[in-house]
Amino acid sequence: MAAGAYSSWPPLDPSQPGRAAEALRPAIKRVAQWERLLELRNRASDIDAASIDFVCSEPAEGGAKFVHPSNEVTLESVQQRDKQWSEIKAKLEVRNRSGRTLHILLAYFSPAYGVQVLRNDPIESGEAWVTLYGDDPSHAFRLVEGHETEETIDRFQLIASTERVDGFLLEQADLELGAAVAATRALGSIQAKKKTRSQDWLTKSLRVRVCPRLNQLGKKPWASDNGAVVIKGHRKLKAN
């Protein structure tokens, strides 16, 4: 999913440090806001965190589903015969077992310090899993083009709330290094409303690490974490 994370900042004039600092200030504020949003927590929430399951899953062998047990997920991209790196068709899913309908917002935090709201819908309580990302054919996890030998980290934040969350307050465009940064809205500048009995929310996060699989295949067979891909070893042939 990552894009725009490898731009470079143009050189600044060392003889004018004041102007350089002024030019950097909006970008620094944007990065700080991105970090604050990523660490957003409601420690006074009455919603049982264990009743909200937020996971990453992959197709497994035999048509089953492999659910990563942690919120720190590693996905492997494999180089194909045409030298292209494979996309990983993983899904982000949620299950609401709180006993009441909750508004679920899913935000994507890009490596370029952008924030994009991917879903913002009410989800009823029950045992059913709801896919937040991964049902659309275009949805996939992938390495950054031109930087396939480097891992990509995608961060996601889920907000479960008793009332609908205004996603507009969370979104911000990717930071284009070297471009002028205009003043934007910031949660820190908005006066928080006094909490009422009807308002409650909590957050859950997922960190998805997409990395190129560079392990050498030799005599021993290799299998992906979910068991969907199995490559038999060969005593003479070796491949990376």
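Start by selecting Ser 57 and looking across to strand 4, where its bridge partner is Lys 91. Keep in mind as you go that this is a predicted model. Now turn to the other neighbour of Ser 57: in strand 2, its bridge partner is Val 67.

Next, colour the whole of strand 1, residues 52-59, together with strand 2; the two run antiparallel and are joined over 3 bridges.

Zoom out, and you have an open sheet of 4 strands in the order 2-1-4-7. Its edges are strand 2 (65-67) and strand 7 (130-133), each of which pairs on one side only. Look along the sheet for the twist, which averages 40° from one strand to the next.

Now stay with strand 4, residues 91-96. This strand is mostly covered, with 5 of its 6 residues buried. Select Glu 93: is this residue buried or exposed? Glu 93 counts as buried because its relative accessibility is 6%, and the cut-off for buried is under 20%. Show side chains here and you will find a polar contact, at 3.3 Å, between the side chains of Glu 93 and Lys 65. Leaving aside residues up to four places away in sequence, Glu 93 also touches others, including Asp 53, Phe 54 and Val 55, as well as Trp 129, Val 130 and Thr 131.

Which residues touch the most other members of the largest nonpolar core? They are Leu 92, Phe 141 and Phe 156, out of 27 residues in that core. To see where the core comes from, select strand 1, strand 3 (72-77), strand 4, strand 5 (102-109), strand 7, strand 8 (152-161) and strand 9 (201-212); each supplies at least two of its residues.

Show everything around Leu 92, again setting aside residues up to four places away in sequence: its contacts include Phe 54, Val 55 and Cys 56, then Leu 106, Leu 132 and Leu 206, and also Phe 141 and Phe 156.

For a last stop, select Leu 38, Leu 105, Val 115 and Val 165, which are among the 11 residues of another core, lying apart from the largest one.

Terms used
Residues are numbered from 1 along each chain as its sequence is written. This is a predicted model: local features need pLDDT of at least 70, side-chain atom pairs count only at pLDDT 80 or more; totals for chains, interfaces and linings use all residues. Side-chain values use heavy atoms; hydrogens and water are left out. Two strands pair if DSSP finds at least two bridges between them. Axes are lines fitted to C-alpha atoms, for helices over the stretch in contact, and angles run from 0 to 180 degrees between N-to-C directions. Buried means under 20% relative accessible area, exposed over 50%, partly exposed in between (1.4 Å probe, protein chains only). A polar contact is a pair of N or O atoms within 3.5 Å; within protein, one must be able to donate a hydrogen and the other to accept it, and residues adjacent in sequence count only if both atoms are side-chain atoms. Contact means heavy atoms within 4.5 Å. A nonpolar core is a set of buried Ala, Val, Leu, Ile, Met, Phe, Trp, Tyr and Cys residues joined through side-chain atoms within 4.5 Å.
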